Amino acid sequence: MLVSLILLASLLGLVPDRQAAIRDGHARLAESVAVNSSIFITTSDIRRMDTILQVLVDRNEELLSAAVRHADGRLLTVVGEHGGLWQDSGNTVSRDGQVVVPIYEGSQQWGQVELSFKPLLPSEWYGWLLHPVVLLSAFLSVTGLILYYFYMGKMLKQLDPSQAIPDRVRSALDTMAEGLLVIDAKQNIVLANKAFSDIPSVNAKKLIGLQVSRFNWLDQTNEKLEKVRAPWTKTLEDGVVRTGEVIRLVIGDNGTRTFMLNCSPILTGGGKPAGVLISFDDITELEKKEVELRLSRDEADQANRFKSEFLANMSHEIRTPMNAILGFAEILKRGYDRDSKDSIRYLNTISSSGNHLLGLINDILDLSKVEAGRIEVEVVPTPVHTVIQEVIQIMRVKANEKQIFLEYRADGPLPAHIETDAAKLRQIITNLVSNAVKFTESGGVTVTSRYERSSEGSTILVAVSDSGIGMTEEQAQAVFDPFTQADSSITRRFGGTGLGLTISKRFAEALGGDIQVSSKPGHGSRFQVTVPAGPTGQGTVMLSADDIMSAEWVEQTEVAARWQFTASTALVVDDGEENRDLLQVIMSDAGFEVFTAENGQQALDFLQQQTVDVVLMDVQMPVMDGLTAAGIMRGRYAELPIIALTADAMSGVQQLCLSAGYSDYLTKPVNIDFLMSRLATYLNGRKVQAPKRVDNQQADTVNSATVSVNEEKIHSSLPVHKEQFRRIVEKFISRMGTQVDVIDAAWHDRDYDQLKKLGHWLKGSAGSVGFQPLMQAGGALEQYALERNDVKLDDTVKQIATLVARMELQPVQAEKETLSTQQATVHKDYVIPDIVSCRLPVNSPRLRPIIEKFLEQLSNWIARIDSDIANEDYDSIRKFAQWLKASGGSVGFDAFTEPARDLVSHCAEQEYEGINHTVKVIKLLNSRIDLETA
């Protein structure tokens, strides 16, 4: 349009034409020359004409040449290079650069004046491009286009979309709680409602035209949100609606806001996105609440975990001394002790375990009182030295088991009595000494007492120093917190509830004193309790150090009774053969005719053939469990007493058994008197006087020793000089020759499940037959197969092959050597004696087969336990642990009770490391069993 208008204006003469003006000037100049030439020609004054032309050419730069030509074609006068410049076309028409003016004489043309000017335009083809009209058109077109581009861009940005939206719609958008943005294809904001503009505190009109990327957007991980990753960018690219996108917006010093974002494309007529409608739902507070809820959940989970750990620890801690108390009490009641020395040893164990159990119960009760602020202090005359000696006497049993010393030194005289709470002082000292013994593995524990008097009053200081594992400064500061030990591995390694020191600290403060601790890792700890001595003066009796150290503590025992039943029959149902045999011996001795079955199905089949007076049945058994069998029995035999005998003592199990059809519920290890008393409620039973115990030490005394461990060759720790054990070891060594190939094949195929099973089997079998290194290697194979740790699996498979190559059946005549103290405490978290012996009379004709069957069953379990661990068959492992927990103590092997209980707990939590470690301990204990040791 612009070009057309310019051309039209040019044709109408409305556009100034500089070249036309120049041509006009050239014509006027030529006319003047022609007039003068006519005058000079008529006077025949050609010379003056030549002079005039010369002057014109010299003074006019555009005039290149001039000439006067006669009508006949002769050049009368020439100025400049006229011949080379002038192009004679044969006519008298002027053109651009050449002007022809005729000269007349009268009415006749005499000649013409020829003027040659510089061309206004090049004569080539492109000369027309330099035409003023063309140049003007081009200039105005280009400049107009540029100005139009910027002008329209500015105008578009300044356009107010709100003017195109009705006020009522705009008001509706501004009342929305969600922020709204409309952006164009270039991501410029073309509309923002009030809810969004309030976020950065900017007027909505000022947001128009801004790039949406100018805001500081973050993604869900708080990383900068690049433009290409923005949801609206993706919507502009693919035209897909996006919902539920979470982004964050940093707003200056006001922090970060979190939004749930939805993007909807605004499509053109062609279906392509021309913009995006973005809605922002502020979820900042919701996210904070979510974080708070997550933290609360984590805290609740942690509290629940602490509770579960505490209950598991308490179950372990309480049932462990209970087992020792009940087991050794049964030995004494039934006359299984060989002499008075054994009786005293058993009584000491019962006493120490009883006090330990009492302390645990008191810990729980006292903690509840402490937390409730109801600590009651009963001030009575208290002999401090006697309290200390009693604690020393009780804890010395445990110290002797760990082969560490426990001694008391009186550092100077003490008052015979002080005014304080004797029970709380005893508990404080007991807790301190118990902890010291527990965490000391070599060396020993020393308790010292000292009496100090100052202007502020008299004080008793009791210090407990040990050479144990020690603590860091941070651990020492936290050790008085409830349920706290130095680190998370302490509970698994040493046991305990983490309450003792907390209660001791509170009690000491209640008595007016305090407890201070100093410790260094690896160098032991020193706890010092300070207690006010109360009023002391000249009348106070003081005891010298010699008097204090000469004090003694004496204990007494009682005689138990036995049970007798008349003409009764019983069915014992248990998948553990040794449990069946043990109950058969005990109940037969009481007058029962005992039948046995291995599972619920066998029991049901038996009852269809014969009636019995009572059924004692385990709960967890193969083929048919006890719960199912009890339900069927109850439906068929409504009056039949069915007593549950199970190692599962967790809460709810009793009610589950009673609901299933059991008449009663008892736990393993079997409490014989309690069992008999419960049977007496259903049948005709009574207590009878126990026979007098006889000293049969000489009858049972045999030479005992243990198997030496050769570093070059690996020997079994079983007494292979006995034919039955020798056959077992020979069979195992022979089998291992092929098992190595099986392990290699499984490793070659990367069959982790098979490796886990093989490791589980090896861990149990090798331990059962006394090959401790192979037992440990089997445990490692199982663990690494579970973890799928190829590097360690490769090393372990090679190690097993090496160990098998070193296996050797030692000669029968080889002398057995005693394991060193260091070997006896390979695992410091359990007391592992040099020789594991049975507390029952192993030479009894009736008990010996039961014990040997228990050992055979234990070997079978251990032979497959590695496979169970490798397969993560926690149910099978738990069954083994429950069986061992119930059977081990029942047949007199109390050393297995504590590890078995721990194994049950580890299975419940599926703690692989705990299971692996505890099974190793059980294997080590099994390898040190010697029935011939008194």
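## Aromatic pairs

The structure holds 17 aromatic pairs, counting rings of Phe, Tyr and Trp (its six-membered ring) whose centres lie within 6.5 Å. This is a predicted model: local features need pLDDT of at least 70, side-chain atom pairs count only at pLDDT 80 or more, and totals for chains, interfaces and linings use all residues. Residues are numbered from 1 along each chain as its sequence is written, and side-chain values use heavy atoms, with hydrogens and water left out.

One of the pairs is tyrosine 149 with phenylalanine 150, and it's edge-to-face (planes over 60 degrees apart; under 30 is stacked and the rest tilted), with 5.4 Å centre to centre and 85° between the planes. Tyrosine 149 is exposed at 59% relative accessible area, and phenylalanine 150 is exposed too, at 58%. Here exposed means over 50%, buried under 20% and partly exposed in between (1.4 Å probe, protein chains only).

Now look at phenylalanine 196 and phenylalanine 280: they form a tilted pair, 5.0 Å centre to centre with 40° between the planes. Phenylalanine 196 lies in helix α7 (residues 194-197) and phenylalanine 280 in strand β10 (residues 273-282), so the pair ties together parts 84 residues apart in sequence. Helices (H or I, at least four residues) and strands (E, at least two) are DSSP runs, numbered from the N terminus.

Both phenylalanine 196 and phenylalanine 280 are buried.

## Charges over rings

The charged end of arginine 750 sits over the ring of tryptophan 747, 3.7 Å from its centre. Lysine 424 has its charged end over the ring of phenylalanine 507, 5.2 Å from the centre. To count, NZ of Lys or CZ of Arg must be within 6 Å of the ring centre and within 35 degrees of the ring normal.
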